[in-house]
Amino acid sequence: MEKRRLAHAAGLVVLTALCWAYGFRLFRAANGPLVAAQQSDGASPERRQAADTAERPSSDSAVLGDSSDGILTFMHASDVHISRFVAAGGLVHFQHLLHTAVPLIAPRVVVVTGDLTDGKDRRRLTSTQQADEWAAYRRALDGAGVTRRFNGTFYRDQRGNHDCFDVAGFDSPANMYRTHSAVGTAGYSLHIRAPFGTYSFVAVDACPRRGFARPLNFFGYLDARAMRELEARIDEASESRHLFLLNHYPVSTMVFGRHGRSFGELARRVSVVLCGHLHQLVGGIGSQLQTYRARDGYWELEVGDLKDHAVYRVFAVDHDLVSFVDVTLPLPRIPMPNPDLLRAAAPARLPHPPVVLITNPKDARYLLPAHEPLHRVRSSSFIRVLVWADAPVVSVAVAIDGVALAHPAEYRGKRERPADADAADSDDVVATPLWVAPWDPAAYDDGRPHVVAVTATDADGKTTTARVPFDLAAAAPAPLRNAARGGWIMRRSFAAILTTSATASYLLAAVLLVLAPRLFLTLRLPRSATVLAAWIARRAVAHREAAARLRRLRAALLRHPRRRDAGLPLLKLALGLAAAWARLVVAVQFTAQVHFAAVGWLFWPAYFFTMALATLPIFTGRLIPSAGPADAVGHVYAYGIFIAGDWVPLLDSWSYALASVISLTLLLLYLPLAAAPAGLFCLSPSASRLPWHRRLWMRVAVGLFVAVYMALPVLMTAHTYGVATLLFGYGRAWLLAAAAVALYLLDWRRPVLDGSRCSALSVSPGSTPSSPQPANEGGSEAAPR
């Protein structure tokens, strides 16, 4: 008998180990595209290190005086979301950007970082590339003439996740970005060679190589091949004074592969990462999605969306000092109604308040010590401000710490045609509306922060005020204090959060709720229903005694005198009460788990689903509906997506796995309680109330959990990816069906018992615990082989 029990336990352990070994093999295969093959790219380690540590070219003789030379300006916008179904924002905001903001700022470059179109259906549930939306986007570009300016280098766009919904590959006919955008390639490099230096823009396409239909398309990744391309483009920009990396996805939502160098190593050459995607989130928690990554020395700046918030950003690189300002389009209403949808005509230019950008002194919150010549601020002789206005500027008032400067600001700006302008295009003009005011930086070099404020007023009476904190002694950025407004989100790695939380919660649930109770039952309790009943009876008595001690502790806490010197004793009593309560909860739950493990028709399905999450697809379906049969069907594992013979290491699969693990864990906690003998929870001889898990409110809560958290996602998945997700949804649809059956048999079909029956259902030493549920009606296997 003892050998049979040991054999059963060993078999369970071996089977589990085999399942987990196979799961680890799947994990390695899914992450294969992120790792480059062992091959040389022609660059020695010494050359790579030299490229990473090379100093940026600079001209220390440059002085921040009153000349408008040495300034590069560009604009950044993102998330346009042109839609054929949404009658507000989107296209009309984009047209006002092109016809109002771009002529006003007259920058050298305009960059748009993805989500050019919306790509959703009328009900906003499923997704596909809409030809009408792409045609409207192209008409807007052609109508504004931005694609031809500066020999095609003025306007640069790239894909976002909405632009690759339901796109089987970059060369697929469904990829209308390739034919309707300004760039049309998977990423690009743009080098602006000005008389005062070279500045580079490198865009990466982090969309999945196989673009799944939503909702399985939120996170981005760069596999080893894409990292090789990024590495080559960054190395090409080694002579640039600043390198701006453009990506639709923030770094926190990315998975990075590796070819020669890691992303962190490559990012040391980057000054600023420009991104979009998050749309300021909701409730103000994304109003300032910015973070400084001190280890790698770059700023990551997510710009608010153009779709709903009508936001764009203006950058200026003034003698290699990078500054920016966020601007909202001056629309009568945001989002602006667009009843004509895709037929909206090009709008008339709107009156725009002045746009004020202070470039010297540099904003202390956005310093780039690894990339900027910050010493130039200390040696400067003028405060420098760019003021863009659609009417003559009549005054520019400058004050520091609330005290106006003695000398008024003067205009030193210009509008010129750069050397790389198209001689045949009269629009190739860059505006540098510089205003300067003399100052003595030594008067403010006292190690304390100061604030410079500039107020610009135009002839039409429109006024804008900009304020910038500065600290001439600072060697690192001042704290941004934006954790509650998006900084915390930008500093996190969702790849680490999702993979770690899903793996850890899965292992804890598998070991503590499934394997450990079964092994305890097998090794410690002989094969006898009577022995199991007697053990549960003894546990029930022990639980009652623990509950009695808990009541005594609570009474002592309530009776304890409330004196000034009673703080420490009260704290000890409170901690003791909390510890006793925790021990009682764990003990009762463990007893229920062991009883659950003895019921074969409950334990083995639970074990199957636990192992299925590690070895089988969560679901299978038509993940790319527009593709042919060979390219449409994919299998969503926890570790990635397997489709058409390839693995796609998309982080979305981990979010699906975490959702399934949460569902399984909560079920593994609740079902044992529902299946356990009722007397196990009568912890007081005079108890008149039902245990918490058998009260009506808890049963309603469980029902809502199953309906909302489990059933609705299953239905949404079936609607999006087909009925196959129900037939082969091992980690979603099957789990939902099994949960519904178990809950119906154990809980929902039973009446709510009157609490007065608790004493009748209680367990006394040596008695057999009664239970009105099917779990004890012939389904118990006290100590399985």
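Biologist: Which ring does the charged end of Arg156 sit over, and how far is it from the centre?

Modeller: That would be Tyr188, with the charged end 5.4 Å from the ring centre. Keep in mind that this is a predicted model. There's another case to look at: Arg108 lies over the face of Phe150, 4.2 Å from the ring centre.

Biologist: Okay, now rings with rings. How many aromatic pairs does a search of the whole structure find?

Modeller: It turns up 38 aromatic pairs. To read one, check the angle between the planes: under 30 degrees counts as stacked, over 60 as edge-to-face. Take Phe94 and Tyr137: they sit 5.5 Å centre to centre with 25° between the planes, so they're stacked.

Biologist: And which parts does that pair tie together?

Modeller: Phe94 belongs to helix 3 (residues 91–105) and Tyr137 to helix 4 (residues 131–144), so the contact joins parts 43 residues apart in sequence.

Biologist: Is Phe94 buried or exposed?

Modeller: Buried, because under 20% relative accessible area counts as buried and Phe94 has 0%. Tyr137 is also buried, at 0%.

Biologist: What kind of pair do Trp134 and Tyr177 make?

Modeller: Edge-to-face, because their planes are at 70°, with the ring centres 6.5 Å apart. Trp134 is in helix 4 and Tyr177 in helix 5 (residues 177–180), so this pair links distant parts of the chain, 43 residues apart. Trp134 is buried at 0% relative accessibility, and Tyr177 is buried at 0% too.

Biologist: Which residues form one aromatic cluster?

Modeller: Look for Phe74, Phe201, Phe244, Tyr292, Trp299, Phe315, Phe324 and Tyr366.

Note on methods: Residues numbered from 1 in each chain as written. Predicted model: local features only at pLDDT ≥ 70, side-chain atom pairs only at ≥ 80, totals over all residues. Heavy atoms only, no water. Phe/Tyr/Trp six-rings, centres within 6.5 Å; stacked < 30°, edge-to-face > 60°. Helix = DSSP H or I, 4+ residues; strand = E, 2+ residues; numbered from the N terminus. Buried < 20%, exposed > 50% of the residue type's maximum accessible area, 1.4 Å probe, protein only. Lys NZ or Arg CZ within 6 Å of the ring centre and 35° of its normal.
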